[in-house]
Amino acid sequence: MIDPVLLRENPDVIRASQVARGSDPSFVDVALDADAARRAALAQFEELRAEQNVFSKKVGQAQGDEKKALLAEVAQLAAKVKEANAAANAADEAYTEAARKIQNPIIDGIPAGGEDNFVTLREVGTIPTFDFEPKDHLELGESLGAIDMARGTKVSGARFYFLRGIGARLELALMNLALDRALEAGFIPLITPTLVRPDIMQGTGFLGEHSDEIYYLPADDLYLTGTSEVALAGYHSDEIIDLAEGPLRYAGWSTCYRREAGSSGKDTRGIIRVHQFNKLEMFVYTLPEEAEAEHDRLVAWQEGMLQSLGLSYRVIDVAAGDLGSSAARKFDIEAWVPTQGAFRELTSTSNCTTYQSRRLETRYRTESGKTAPVATLNGTLATTRWLVAILETHQQADGSVIVPEALRPYLGGLSVITPVGV
RNA sequence: GGAGACGUCGCAUAGUUCGGCCUAGUGCACCACCCUGCUAAGGUGGAGUCCUCGUAAGGGGACCGCGGGUUCAAAUCCCGCCGUCUCCGCCA
């Protein structure tokens, strides 16, 4: 939800943001009109209600004929109040609807344009080269006994898989490494619910543009979350939180469920794009003026992970048109996937400024004692997809894979994964 | 799934019988000041959230789990929903 004060006082900023995103700037004017109408309707209702309150008090004290007279007088007023109340409610809803169509104003200076207009901030690591024909992650995963796609499909359908043996262990090792890093940085670990109620799904903004992507259980009126961000954002909804001791940083682990409805035919091979995977997500509640610095810290923690795993990657500043509606800026980190000859997204971190917290009503107390919306940020610290880059990057000619040193302590010191007997 | 009880301004509670005396009382915690010399107690005052009008001082309105209804008037009566607790049933 956008800041209504910004809308009223500085609509041009929002218009410019809408244009940069490739969205419709006319929503701004619709919302402005709706805001004015809403306030007028509210004022009218409140005036009538005040009048009615005065009368009601008198009626309560009056007796006999005087009471009768007052009741006659006030009867019409009651009808008017009811009408004005309905009008004010309708106007308020109209405003909310209009305001929700406006996306979070982008942070000044981020690239304009769509998916292909990102700016590469830096490339880190050397792109691996092989003096043999590298295998892709699925071929490796199958020969290592780590990924079983066929049985995943048998049991659950396309885009489902089993991680088995070293594959299962590797994923747990990765998650544990990420969790330890998060703990070092002061994050509070959370294992989150993956089924949430409609109001939380709505509040986090996922029911809008992502609604096709979401699994829904009609018998229970619950949604399966595609990321623990949903539960983490809902965690402090409707609360006034204390930021005096610094930001609240949570590391949420959960399984994530995605329908991948719009991506048929894309990434059908292997575990790059699947209906179910695991993720450790960072989520931060902080002061609005701290948000950009925190955003940089989140990227730094992500880069720390990728570097420890010996992956080659680039950090991109995602263009305005490719942002979700809640994000004011987004950095993706993409790792080199050798058999694709391309960088593929492994992490994503968004600065949602106060947009998300306004919807969910998460506030803090300013020094003057007033409440104000907090800023929220989120970012990936590890997901199942990372196994793709790890396996492919560290493969050797004989089909074995070298375990990155950072993961070895979590695998009982194992340094090389070798193919299982075929 | 069945039966019952309950949901009040940070926490704990009063108020719901019989609608208006509730501008929602009290205790704890909190803030300021006073008193007092001592790991404390006491006194006085203040303080909720949200919207809105106003340069301001200061007004007005909404909020007693959520949403409707009855009424001149709802914390209080009626309906629906959500949640919590207890007992029973079922159960990976």
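This is a predicted model: local features need pLDDT of at least 70, side-chain atom pairs count only at pLDDT 80 or more; totals for chains, interfaces and linings use all residues.
Two strands count as paired if DSSP finds at least two bridges between them.

**Whole chain**

Start by selecting chain A, coloured by secondary structure. Chain A contains 12 helices and 18 strands. Along the principal axes, its C-alpha atoms fill a box of roughly 100 × 45 × 45 Å. Switch to a surface view: chain A exposes about 20,100 Å², and carbon and sulfur atoms supply 50% of that area. Of the 422 residues in chain A, 49% count as buried. If you draw the contacts of chain A with a separation of 6 or more, 72% of them come from residues 24 or more positions apart.

**RNA strand B**

Next, select RNA strand B together with the residues around it. There are 22 of these residues, and Arg38, Arg39, Glu46, Arg365 and Thr371 come nearest. By class, this surface has 10 charged, seven nonpolar and five polar residues.

H3 gives the most, with 12 residues.

Now look at the RNA side. Of the atoms of RNA strand B within 4 Å of the protein, 70% belong to sugar or phosphate, and the rest belong to bases.

- Arginine 39 has a polar side-chain atom 2.8 Å from a phosphate oxygen of RNA strand B.
- Arginine 49 places a polar side-chain atom 3.1 Å from a phosphate oxygen of RNA strand B.
- For arginine 363, the distance from a polar side-chain atom to a phosphate oxygen of RNA strand B is 2.9 Å.

**Glutamate 361**

Stay in this part of the sequence and pick glutamate 361, in the loop between helix H11 (355–360) and E14. Is glutamate 361 buried, partly exposed or exposed? Its relative accessibility is 39%, so glutamate 361 counts as partly exposed, since that class runs between the 20% limit for buried and the 50% limit for exposed.

Show its surroundings, leaving out residues up to four places away in sequence: glutamate 361 touches His236, Ser237, Asp238 and Glu239. Then draw a C-alpha distance from glutamate 361 to valine 374, which is 13 residues away along the chain; the separation is 8.9 Å.

Select residues 329–337, which make up strand E12. Why is E12 described as largely enclosed by the rest of the structure? Nine of its nine residues are buried, so the strand is largely enclosed.

E12 and E13 run antiparallel and are joined by nine bridges. Here, aspartate 332 has serine 348 of E13 as its bridge partner. E12 and E13 form a hairpin with four residues between them. In the turn, select glycine 341, which has a positive phi of about 55°.

**Helix H12**

The last stop is helix H12, residues 386–393. This helix is mostly covered, with eight of its eight residues buried. Show the side chains to see the buried residues of H12: Trp386, Leu387, Val388, Ala389, Ile390, Leu391, Glu392 and Thr393.

Methods: Residues are numbered from 1 along each chain as its sequence is written. Chains are lettered from A and ligands numbered from 1 in the order in which they are written. Side-chain values use heavy atoms; hydrogens and water are left out. A residue is near a molecule or strand if one of its heavy atoms lies within 4 Å of it. A polar contact is a pair of N or O atoms within 3.5 Å; within protein, one must be able to donate a hydrogen and the other to accept it, and residues adjacent in sequence count only if both atoms are side-chain atoms. Helices (H or I, at least four residues) and strands (E, at least two) are DSSP runs, numbered from the N terminus. Ala, Val, Leu, Ile, Met, Phe, Trp, Tyr, Cys and Pro count as nonpolar, Asp, Glu, Lys and Arg as charged, and the others, Gly among them, as polar. Buried means under 20% relative accessible area, exposed over 50%, partly exposed in between (1.4 Å probe, protein chains only). Contact means heavy atoms within 4.5 Å. Accessible areas come from the Shrake-Rupley method with a 1.4 Å probe; for residues, only the protein chains shown count as cover.
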